[in-house]
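Let us walk through this structure step by step. Keep the sequence and the 3D view side by side as you read.

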Amino acid sequence: MNAGPAHIEVRDLTMAYGDHVVQSGVSFSVKAGDVFVIMGGNGCGKTTLMRALIGLQRPSAGTVRYEGEDFWAVAREDRERMKRRLGIMFQGGALWSSLTLAENVALPLAEYTDLPPARIAEVVSFKLALVGLAGFEEFYPSELSGGMKKRAGLARAMALDPDTLIIDEPSSGLDPLTARRLDDLILALRDSLGATIVVISHDLASILAIGSDSIFLDADTHTMIPTGNPREALLHGDPKVRHFLTRGGA
Amino acid sequence: MTSVAAPPAGREAGGKFEIRGRAEDLLVVLSGRWCLGRNLPSRGALEEGLGAATRRIAFDASGLEAWDSGLLAFLTGVLKTCAARGIGVDQAGLPEGVRRLLAMSFAVPEQKLAGRGEERGGFFVRVGKASLELIRGAPAMLGFLGEITLSFVRLFGGRARFRMSDLWLEVEQVGPRALPIVSVISFLVGLILAYLGADQLKQVGAQIFIADLVAIGMVREVGALMTGIIIAGRTGAAFAAQLGTMQVNEEIDAFRTLGISPIDFLVLPRLLALMLMVPLLTLYSGFVGMAAGLLVSTTIFDISLFEYYNETLRALELKHFWVGLSKGSVYGAMVAFAGCLRGMQCGRSAEAVGEAATSAVVTGILLITIAASVMTIVYYQLDI
């Protein structure tokens with residue numbers, strides 16, 4: 001574990017739908033520059049936790065702090081300001097279907113910066129090239145495959161050079177080479193731009209390749225297990241986590 | 001030596017570059033804070049500094065204080081220009097992170113895709129294209145009509161595969177659940193007809209004929225027309241959106257791969273439900289319209305309840321009901337055809353579902369209007 005300051009601090013978070021508690025007592029810290037993995041099986045509450053981290057669903061209890069600032073306690077305008085420092089990549093890309101890829105990536109830049117259109121176009125081209133979609137600027141999402149939509153979603157998430165990238169299932173539905181390329185890109189963004197990255201995933205290869213710290217959400221007990229570095233957890237972790245990381249083999 | 005700084009503006013001081021060296025071998029010295037929110041020089045300024053004799057450029061980033069996508073986007077453009085002009089680029093002087101991200105951005109070659117961003121053309125070009133699309137769409141429409149016909153043949157032969165529960169669900173959706181809106185619209189249309197008639201008929205002292213106007217008008221024409229238009233907006237759009245979403249989710253493909261006709265399973269119940277329920281709604285609409293006429297006549301125009309009732313009975317013949325019911329059936333079939341056709345033709349995006357719903361309503365109302373005109377003329381010629 002590094003001794004650096006926590007970039008994201010989650011304490012005693014409980015997420016519930018009415019009386020149904022999805023997860024309770026979730027606490028973890030993400031250090032600046034980490035690739036933090038939230039892992040767990042289907043229906044364990046990974047995406048619900050992500051929604052609490054990005055402001056889409058207020059948790060039933062607990063706190064989420066970014067750089068010490070309580071995300072859910074601050075005024076709405078402050079929360080909106082904090083959200084602009086987050087880049088979110090949704091599972092299916094969540095691209096706006098009526099806009100081209102270039103327009104999808106350009107929209108946050110046009111809304112929140114005063115960059116001239118020519119500069120925005122340059123940045124958009126670079127971001128799309130970074131995810132391997134150079135030349136697809138004028139395509140609409142409906143004309144792309146699932147993997148391409150996902151990569152375009154990452155380009156949009158990176159548009160404003162956010163401090164924190166939150167990525168939901170980056171490699172599901174991608175071929176192994178594209179998934180590997182996306183993993184490399186995530187690490188390059190962390191190393192080059194200093195971004196802190198939170199990845200929600202159940203893809204074992206990806207978890208082991210990029211994760212530097214992690215938690216495991218247990219769908220049976222509705223609680224979390226702190227797992228540290230996934231590669232360490234694979235060898236010496238909690239039996240339940242090792243069972244998961246070895247696809248039921250341990 | 002050329003030195004270019006960002007033009008001073010409202011933003012904070014940003015990055016700048018300086019070109020050093022001889023014409024064929026240049027060194028680009030980057031300094032300052034190359035971040036997006038700051039003033040940054042344009043790529044054009046650097047490109048102007050590259051002479052015809054330039055063969056190689058290198059970078060010195062020792063004075064670089066901070067960088068983000070602002071620098072990366074700038075350098076990407078410079079690298080593309082150098083590649084186009086055959087100028088070699090030595091990236092060794094750039095920060096390691098910059099080199100890594102630039103390498104990733106050039107790892108997949110840019111796709112040169114024909115036909116993208118083509119111009120829309122002038123007014124006549126667009127009208128021409130739209131006309132051609134309409135003509136090209138005609139065989140698909142006829143094909144769909146043929147598939148429905150075959151589906152009906154299978155239905156009467158007892159071989160159509162659909163679930164009766166789906167049919168009853170559709171019947172409930174398009175019939176009983178449409179009663180409130182049909183009631184309100186029919187009542188108001190009946191009221192309008194009564195006022196319209198009263199205004200004209202009082203000039204010849206024949207206000208009692210309001211009953212004839214409202215009864216025949218509502219039962220023969222207006223009840224069916226209003227019901228058809230309501231159903232086109234309410235149910236036709238819903239059919240297109242439901243089937244369109246199923247198209248997006250590949251549910252229709254799944255039916256086909258199982259050898260189940262989506263026309264039998266999805267279109268037939270919807271078509272039958274509308275053909276059964278729209279005539280009944282038309283009949284209901286006629287009675288609600290007559291009730292509105294009765295209310296207006298007895299409360300505003302001093303016609304007694306008994307007089308109005310008798311005049312209505314005298315005016316209405318059975319043939320008027322048959323005409324209204326036949327029109328209702330045809331309008332129902334038209335709305336179902338338009339809704340299902342547009343839903344089955346839907347593209348594979350959320351936007352396409354919206355377009356399918358809009359197109360279903362427009363096509364439905366157009367078909368209803370054409371059918372209403374043709375049937376009115378035919379019934380007149382046949383003296384029905």
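This is a predicted model: local features need pLDDT of at least 70, side-chain atom pairs count only at pLDDT 80 or more; totals for chains, interfaces and linings use all residues.

Ala94(A) is partly exposed, because 17 other C-beta atoms lie within 10 Å, a count between the limit of 12 or fewer for exposed and 20 or more for buried. Where does Ala94(A) lie? It is in the loop between strand E6 (86-89) and helix H3 (101-112) of chain A. Its backbone deserves a look. Ala94(A) has a positive phi of about 50°, yet it is not a glycine. Most residues other than glycine have a negative phi.

Asp161(A) has a positive phi too, near 50°, and is likewise a residue other than glycine. Find it in the loop between helix H5 (146-157) and strand E7 (164-168) of chain A. Is Asp161(A) buried or exposed? It is buried, because 22 other C-beta atoms lie within 10 Å and 20 or more is the mark for buried.

Now turn to the sheet. Four strands of chain A form an open sheet in the order E2-E1-E4-E5, and their pairing is antiparallel. Which strands stand at the edges? They are strand E2 (20-31) and strand E5 (69-70) of chain A. Each has a single partner strand, so one side of each is left without a neighbour in the sheet.

Look next at one pair inside that order. Strand E1 (residues 6-17) and strand E4 (residues 61-66) of chain A run antiparallel and are joined by five bridges. Across this pair, Arg11(A) stands opposite Thr63(A) in E4(A). A helix packs on the sheet as well: helix H1 (residues 46-54) of chain A touches E1, E2 and E4 of chain A. The direction of H1 makes about 125° with that of E1(A).

Next comes the contact between the chains. Chain A brings 23 residues to it, and chain B brings 28 residues. On the side of chain A that touches chain B, helix H4 (117-130) and helix H6 (176-193) each supply at least two residues. H4(A) gives the most, with six residues. What kinds of residue make up this side of chain A? They divide into 11 nonpolar, eight polar and four charged.

An unreviewed UniProt entry carries the annotation "domain: MlaB-like STAS" for residues 43-104 of chain B. Over residues 43-104, chain B is 53% helix and 24% strand. The end C-alpha atoms of this stretch are 21 Å apart.

Terms used: Residues are numbered from 1 along each chain as its sequence is written. Chains are lettered from A and ligands numbered from 1 in the order in which they are written. UniProt positions are given in the numbering used here, feature names are shortened, and annotations may be inferred rather than shown by experiment. Two strands pair if DSSP finds at least two bridges between them. Two residues are in contact if their C-beta atoms, placed from the backbone, lie within 7 Å. Axes are lines fitted to C-alpha atoms, for helices over the stretch in contact, and angles run from 0 to 180 degrees between N-to-C directions. Ala, Val, Leu, Ile, Met, Phe, Trp, Tyr, Cys and Pro count as nonpolar, Asp, Glu, Lys and Arg as charged, and the others, Gly among them, as polar.
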